[in-house]
Amino acid sequence: MANFEDLKEEARKLLREGKIKYLIGYGTGGNGWQAIPVFIKTPEDVEKLVWDPTCVHNLARFLVDEKRRKARQKQPDKRPVGVVVKGCDSRAIVVLLQEKFIDRQDIYVLGVSCEKAGVIDDHKLARKLGGKKPKKIELAADRFLITTADGKVEFPVEELLAERCLECQANFPVLYDILAGEKTRKAVDKPFGSVEKIEALGQEERWRFWKEQLDKCIRCYACRSVCPMCYCDECVVDSINLAVTADTTAEEKAHKVKWIQRSAESSENFVYHLVRAIHLAGRCIDCGECERACPLDIPLRFLNKKLEKEAKELFGYEVGFDPAQPPLISSFKDDDPGDFIR
Amino acid sequence: MTLEISSGKMMDKILEKKSLPLWMEKLNAWTVYAPRKDENERWNYEIIDHAPASLELAVTTLPAKALIFPQREVFLEFSKTIEGNRETLEVREVLPNGKPFVIFGVRPCDARAIWLLDRVFGGDFTDPYYWKRRSQASLIGLACHTPPWENCFCLSVEGSPHGEEGLDILLTDLGDSYYVKTLSTNGEKLVQAARELFKEPQPDDKKKVQARHAEARKKLVRGVKGTKKERAAALQGLFDSSLWDEESMSCIQCGICTYLCPSCHCFDINDEVDSISPLRGKRVRTWDNCQFPDFTMHSSGHNPRPDKASRLRQRVLHKFRYFVENFDQVMCTGCGRCISLCPVGIDIIKVLDKVSNHGA
Amino acid sequence: MAEEFEPKIVAFLCKWCSSAGSDMAGVSRMEYPPNVIPIQVMCSGSVSPLYIFTAFNKGADGVLVSGCHPGDCHYIKGNYYARRRIYFVKKLLEFIGLEPERFQMSWVSAAEGTKYTQVIKDFVKELKPLGPQAKLRRNP
């Protein structure tokens, strides 16, 4: 089985031979221990690549940028782009392939396996370390080893893993050109346990929960910006995001529908988040980035996870495993449930 | 229009920490805000229902500007009434008319940012909505005795862990008491409201304060290089550089840096029409964000800042060059939020380092 | 005597079946509650979830989406897509705590004037005890 050093060697080879334009991977950020996305253009820079439990980002998001960049160039470089993906991120690539947003030959996928672990949740880490700053985080079998200024501490992985990793159904990439790590399947007892907890609340309790959370929203749209699947040039709920061109007539501009106001009021926030959740039905692969990016800590992934659960349980649809599968919302089966229809 | 700074002698006082909640409770004439920590260890200013035992050094997610320059503000309401064949359009200005409010525990960088915003919303054209709230606000700052965040860099942008700009009172933590330095008439009123709780300072209290402040200055690890004039000049030469493209590669246009910046102030004005017939609606100001792709979209379809590189460049130049040219101040106050909260680790200090190395 | 609450129902009716069904009810002088604001759409499959959320945002107490029976869609497959999409909308609205009775879907054909009146009568009866919809409504 290949390991991460082999993957780096392959990356060097690809860049030396000019087979890929550049590589999107994880590097160590400014504070010395947290990973950030890096763009590697030369074989020498491949040294910067890292793979550790702080690699939370969904790098498939930058494939959207790459497509937009190519669209702006008169004679784009048609070589593929290399991208490092975890299991969850590879499912995002599968969805983008399903929707024909990118072609398989536009990407070279370097997969990394989370083995039986995953990535670390910042808040859980901050609480466990009680204010101490980490210097390095490593995975050793089923424990996370954290080096701080005072020495090493270790915790069982379940105590620090991001919530989504605890329910993960793809801890190794579902498609790849080269894979680092073992293809170990992790047994997940309740893949939708976190959603079920909210479903178990009474109707009014659920309402109060969501009202309290969505009232915090300042409509920064970070959740939308960080999502690889929110690639629409013009978002339907965002009345300022009009794709106006020189050909748009005055009448079109004057009569453009404004679905919700820009103000961050409760009712408008609800419509924005509900529409986003519906537009991600059958497309969201629970990379958790929306929730991580949200500056007000709104638990956004539950909205999407709920629809993922419904897709699985009622339509037998698993999101992001088979690139040949048709999208959920634009397909149907003759025996789809219809009991709710009068 | 500027705020009244009392020119008379303002007496410094000492407040024992155990009297802090009592002081807050005495301030019935004000709505009292203080930082509160939630279960994720994040701080935000909230109206207190019971006073905290002490003030901790808190980096609130939303800066104090959110209470003076809120995300949504109604300017005016309009409605049309039709009687027979006469149409009357009524327009009512809606000025903020809430109670005076006091914010405890404001970090000097947040307060300095508000002091900078006073120039934007004041000067030749005063914004009545901003000033109504601003004149109702009293800010009680807490001097930082350690950098609250690993990304603080206030000293290198003409700020300080014990800066006084924008504050009505500055508190310095002396262990079991606070040194209370009153800086304005608003501050005086706050102290007078509970004057029996305050004691006279001892002769060496002032020395202790100065020692604390000096300690805090030494602890700041990060900083941007050069003086404000040097940085502005370096940025001038780099407008067309490919540096911006490289630095913005990982930017995802989420806008968190701008929305949470204590000195960012761009806004949008929209008419929110609640009913067309009879006509009824409001004119509303909301926050806007130069990192949104369509921030500079013209109605012709042309967008002078069509890509991430130009938008990142705009943000850095506005903070470190344009504001310096307009107001002779650096607009960035070194709070570090944009660095710590950026989901992809873009670091404005690193960007500026590259800028100063570029010229070299 | 206090005025009884009259719920406002926004009904998205597909032109070829349900809207024709409602016309049938009208032409036959059938009596049914006047609480409906009908919006004719070409096909139930063209009803975007955004219309439904907007209806609640603007103050609808109840929203109905009605289309042709499976197999009878004028555009062959539109109502099948609607069946899937509307199911997700229903589940999501329930999840956030909106009363499930407020959002309904029905199959009403052009000949089913009686069924249409029954659907509306039942809907109004279920909505009356719930009172006005305040959760997603934009405050004026």
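Student: Why are α13(A) and α3(C) called oblique to each other?

Tutor: The axes of α13 (residues 301-315) of chain A and α3 (residues 78-95) of chain C cross at roughly 135° and come within 10 Å. Angles under 35 degrees count as roughly parallel, over 145 as roughly antiparallel, 65 to 115 as roughly perpendicular and the rest as oblique. The pair α13(A) and α3(C) is therefore oblique. Axes here are lines fitted to C-alpha atoms, for helices over the stretch in contact, with angles from 0 to 180 degrees between N-to-C directions.

Tutor: Please keep in mind that this is a predicted model, where local features need pLDDT of at least 70 and side-chain atom pairs count only at pLDDT 80 or more, while totals for chains, interfaces and linings use all residues. Residues are numbered from 1 along each chain as its sequence is written, and chains are lettered from A and ligands numbered from 1 in the order in which they are written.

Student: Which residues of α13(A) and α3(C) meet?

Tutor: From α13(A) come K306(A), L307(A) and E310(A), and they meet F88(C), K91(C), L92(C) and F95(C) of α3(C). Contact means that C-beta atoms, placed from the backbone, lie within 7 Å. By class, this contact has four nonpolar, no polar and three charged residues. Ala, Val, Leu, Ile, Met, Phe, Trp, Tyr, Cys and Pro count as nonpolar, Asp, Glu, Lys and Arg as charged, and the others, Gly among them, as polar.

Student: How do the domains of chain A touch?

Tutor: An automatic or database assignment sets the bounds, giving domain 1 (1-118 + 167-186) and domain 2 (193-321). Their contact takes 17 residues from domain 1 and 15 residues from domain 2. On the domain 1 side, α3(A) gives the most, with seven residues.

Definitions and conventions. Contact = placed C-beta atoms within 7 Å. Helix = DSSP H or I, 4+ residues; strand = E, 2+ residues; numbered from the N terminus.
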